[in-house]
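Subject: Structure for you to look at

Hello,

Here is the structure we talked about. Please open it first and then read the notes below.

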Amino acid sequence: MKSLETHLRALRATGRKALVPYFVAGLTPDWIQHVEAAAHAGADAVEIGIPFSDPMMDGVVIQEAVLRALEAGTTLDSLCAQLATLSTSVPLIAMTYYNIFHHYGLERSAGKLQSSGVLGAIVPDLPPEEASDWMKASTSHDIANIFLVAPSTPPQRLGRLARLSEGFCYASARMAVTGKSSESGEGRRVVESIRAVSDIPTYIGIGISTPDQAREASEVSDGVIVGSALVQVILNGGGADEVENFVASFRRSID
Amino acid sequence: MPACLELETAFIDAWRDPSFTNEYRQVLREFAGRPTPVTPLDRLSEQLGIRIFAKREDLAHTGSHKINNVVGQTLLTKRMGKNRVIAETGAGQHGVATATASARLGLECTVYMGEIDTERQALNVFRMELLGATVVPVTSGSRTLKDAVNEAMREWVTCVEDTHYCLGSVMGPHPFPWMVREMQSIIGIEAAQQLKDLGVDTPDMVVACVGGGSNAAGVFAGFANAPTRLVGIEAAGGSAVGKGSPGVLHGMKSLLMQDEFGQIEEAHSISAGLDYPGIGPEHAYLAQSGRAEYFAIGDSDVINALQVLSLSEGIIPALETAHAVAWLLQEAGKEIPLGATVLLNLSGRGDKDVAQVREILRGQR
Ligand SMILES: Cc1ncc(COP(=O)(O)O)c(C=O)c1O
């Protein structure tokens with residue numbers, strides 16, 4: 001079993017709901033401090049968005065953040081070098097689009113991530129049918145592969161994705177790209193279908209923007225992922241203090 | 001991904017069902033004006049010392065080959081029990097064609113178009129609106145075709161249940177590259193027969209412009225097994241074969257223009273329809289295997305080619321098509337041996353471009 005999964009299963013065994021904030025690497029010069037602030041405020045793992053020019057599964061907030069990060073010159077090498085300076089041991093999960101790894105080289109990407117302390121990867125535009133090369137490379141570097149399951153995923157495919165997922169399985173609460181949403185979505189139903197076929201920890205994400213939504217989602221799952229709402233705070237000029245307050249408010253809500 | 005699997009199943013089933021293919025052909029005949037003629041371009045041929053025939057997709061309804069694909073995909077939309085389509089568009093030709101075919105079937109239609117393209121193709125925006133479509137300007141990224149595709153894909157995720165994504169070229173995830181080629185292959189199938197009727201058994205060369213590559217794939221399909229050189233012409237500013245490397249974008253693995261970090265580069269072309277940093281995966285394969293060859297033409301030669309064809313043959317081509325014309329002008333007697341017989345796929349008419357061309361010519365004076 002890969003390290004990330006061992007860690008997240010142990011976390012679940014303590015009864016604590018996982019809180020996973022998402023950051024866009026390189027969005028601001030002090031983004032590393034944001035990650036540290038989140039860990040300090042009780043994040044159990046952190047998703048690190050690696051900027052790609054064409055974020056097809058992301059809404060306007062993350063698109064804007066990615067554009068800024070790219071304009072600031074962020075690359076896989078530069079962000080990995082910065083991750084290596086992190087003063088916290090919070091598990092890191094990379095999230096990006098396949099072309100980034102494909103272009104850098106799969107084996108080389110996985111090695112780079114591992115040496116920067118990354119334990120997992122989410123590649124939303126890589127379907128399991130095409131994933132075997134990446135899974136081989138990531139496995140040789142102890143990188144867990146996390147797959148997304150959506151409300152529309154047919155049962156057979158859902159079973160396959162749940163069984164392939166390592167670390168946790170990502171339950172998308174709605175049929176949408178990342179971004180804010182007011183409805184509570186179909187997270188519960190998706191989680192229940194995953195649990196029917198696998199005992200992998202299952203986290204709900206996509207559209208969770210308030211502490212109340214996070215609590216609701218955490219009640220039916222093992223954890224929650226908070227992306228756009230947090231990135232918006234940083235786009236608005238929020239620094240490490242605001243990040244810490246934001247994450248702490250979610251922590252209180254789901255505990 | 002499940003939506004693509006659903007589409008694949010539906011397409012395979014429809015494409016071997018005679019009631020579907022008969023209806024598809026009937027609509028192309030009665031509504032879209034097929035078959036389009038093949039025209040010998042006598043004066044230009046004489047000027048260049050080669051024998052040029054043009055397959056006249058500019059005479060198809062809505063003014064380009066795009067109608068062939070959308071007639072098929074909108075019929076398929078209905079067959080799948082969906083009542084709405086979304087589409088991306090660059091030059092607006094695919095958007096207009098989709099709006100047209102949707103109006104005919106009473107389907108709801110939303111078209112995503114880069115903001116820059118909505119400006120340089122303002123008349124096409126109005127045409128789409130007249131046809132009942134909603135046009136959404138896309139303000140992200142380079143605000144051209146690539147970003148329109150991103151936005152259409154983002155939208156499709158939210159509405160796959162009742163909506164079909166009517167992709168306009170031989171690109172994107174499977175089954176689109178294959179399905180769109182099949183629906184465009186009528187161009188090549190017709191042209192091969194028409195040339196025979198004109199006494200040309202096999203042309204020495206078939207030339208087509210390439211954005212995503214649908215008109216080229218369609219015309220190539222009629223000559224795949226013939227001893228004919230297949231030539232695709234890209235815009236120099238959107239040349240995936242010339243300047244690209246293997247990559248993954250929009251659900252396909254193909255040749256893409258990208259920087260050293262794998263970030264996709266923005267294409268820049270005078271013609272909105274060729275402003276795309278990638279190319280359909282089958283063209284990448286044909287380029288690699290050598291079965292087809294690809295060359296690039298820069299903006300400055302395109303306007304001249306448009307004028308030459310207008311003056312010598314009475315046909316104003318689309319700026320996209322003018323790239324292929326420009327290559328003929330440039331290579332007659334070089335890559336194209338004197339006396340050779342060439343089939344030019346005249347993918348679209350230039351009416352949509354005349355305002356832009358007027359601006360450029362005014363600026364040159
Ligand atoms: C007239 C015409 N030709 C060619 C193209 C390029 O598309 P493709 O390469 O798919 O044929 C377009 C696209 O807008 C077009 O309008």
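The largest cavity has a volume of about 300 Å³. A cavity here is a set of points on a 1 Å grid over the protein atoms alone where a 1.4 Å probe fits but cannot get out; the volume is the space filled by probe spheres set on the points, which are joined across faces, edges and corners. Lining this cavity are 27 residues (an atom within 4 Å of a point), and B:His65, B:Lys66, B:Ala91, B:Gly273 and B:Glu320 are the closest to its centre.

This is a predicted model, in which local features need pLDDT of at least 70 and side-chain atom pairs pLDDT 80 or more, while totals for chains, interfaces and linings use all residues. Residues are numbered from 1 along each chain as its sequence is written, chains are lettered from A and ligands numbered from 1 in the order written, and side-chain values use heavy atoms, without hydrogens and water.

What takes up the largest cavity? The space belongs to the ligand (more than half of its atoms lie within 2 Å of the grid points). Domain 1 (2-28 + 65-179) and domain 2 (33-64 + 185-364) of chain B both give residues to the shell around the ligand, so the ligand lies between them; the bounds come from an automatic or database domain assignment.

Regards

Notes:
1 Å grid on protein atoms, 1.4 Å probe; cavity = no way out; pocket = protein on both sides within 12 Å on 5 of 7 lines; lining within 4 Å.
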